[in-house]
Amino acid sequence: FCAISGFLGKGCLSKRFDAMEKAKVVAMMGVLMLVSGAASVSAVIDCTTVVALISACSTFVTYGSPDPIPRSPCCDAVGSLYSLADTADDRQSVCRCLMDLITTYKPNATAIATLPGFCGVSLGFTIDPNTDCNYIT
């Protein structure tokens with residue numbers, strides 16, 4: 001109203017000031033959210049991320065064919081797992097998630113276990129029910 005009407009009285013100045021203060025508060029909240037988000041990047045990988053990436057291989061995991069090949073969406077996803085798991089904690093987290101997957105989807109456990117080999121990726125551990133994820137470095 002103030003800008004449209006050209007009215008620059010005391011009430012309009014305080015409204016402008018209030019809007020500027022609100023904008024500053026919103027901007028500061030955004031910065032805080034970004035900083036807190038950056039701090040959580042170093043947290044261990046969540047299983048929903050692992051499942052989402054492995055879902056790119058759902059046809060192979062479900063039916064056992066066609067074999068994934070390097071540069072396919074499936075292998076790109078497995079490669080992303082490798083890239084995400086760049087610390088021992090992250091590798092252990094990915095390992096635990098994959099162990100849960102092969103336990104949950106027992107008939108498809110072999111398909112899940114063979115994904116890194118088909119894609120030419122080493123995750124730093126073997127996807128096997130006997131793997132103890134706590135010892136992954």
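**Helix packing and the nonpolar core**

Leaving aside neighbours within four places in sequence, F125 is in contact (heavy atoms within 4.5 Å) with R91, V94, C95, L98 and I136. The model is predicted: local features need pLDDT of at least 70, side-chain atom pairs count only at pLDDT 80 or more, and totals for chains, interfaces and linings use all residues. Residues are numbered from 1 along each chain as its sequence is written, and side-chain values use heavy atoms, with hydrogens and water left out.

F125 also belongs to the largest nonpolar core. Such a core is a set of buried Ala, Val, Leu, Ile, Met, Phe, Trp, Tyr and Cys residues joined through side-chain atoms within 4.5 Å. Buried means under 20% relative accessible area, exposed over 50%, and partly exposed in between, with a 1.4 Å probe and protein chains only. The core has 31 residues. V50, V94, L98, L115, F125 and I127 have the most contacts inside it. Two or more residues each come from α3, α4 (58-63), α5, α6 (88-104) and α7. The top contributor is α6, with seven residues. In soluble globular proteins, nonpolar side chains tend to be buried together.

The protein chain holds seven helices and zero strands. Helices (H or I, at least four residues) and strands (E, at least two) are DSSP runs, numbered from the N terminus. The order from the N terminus is α-α-α-α-α-α-α. Of the 137 residues, 31% count as buried. Among contacts with a separation of 6 or more, 73% join residues 24 or more positions apart. The chain exposes about 9,000 Å², and carbon and sulfur atoms supply 64% of it. These areas come from the Shrake-Rupley method with a 1.4 Å probe; for residues, only the protein chains shown count as cover.

Helix α5 (residues 73-84) packs against helix α7 (residues 109-119). The angle is about 95°, and the axes lie 9 Å apart. Axes are lines fitted to C-alpha atoms, for helices over the stretch in contact, and angles run from 0 to 180 degrees between N-to-C directions. The two helices are therefore roughly perpendicular (65 to 115 degrees). On the α5 side, C74, C75 and V78 take part; they meet L115, P116, F118 and C119 in α7. The residues of this contact divide into seven nonpolar, no polar and no charged. Nonpolar here covers Ala, Val, Leu, Ile, Met, Phe, Trp, Tyr, Cys and Pro; Asp, Glu, Lys and Arg count as charged, and the others, Gly among them, as polar.

C47 lies in helix α3 (residues 47-54). C47 counts as partly exposed because its relative accessibility is 32%.

Definitions and conventions. Parallel < 35°, antiparallel > 145°, perpendicular 65-115°, else oblique.
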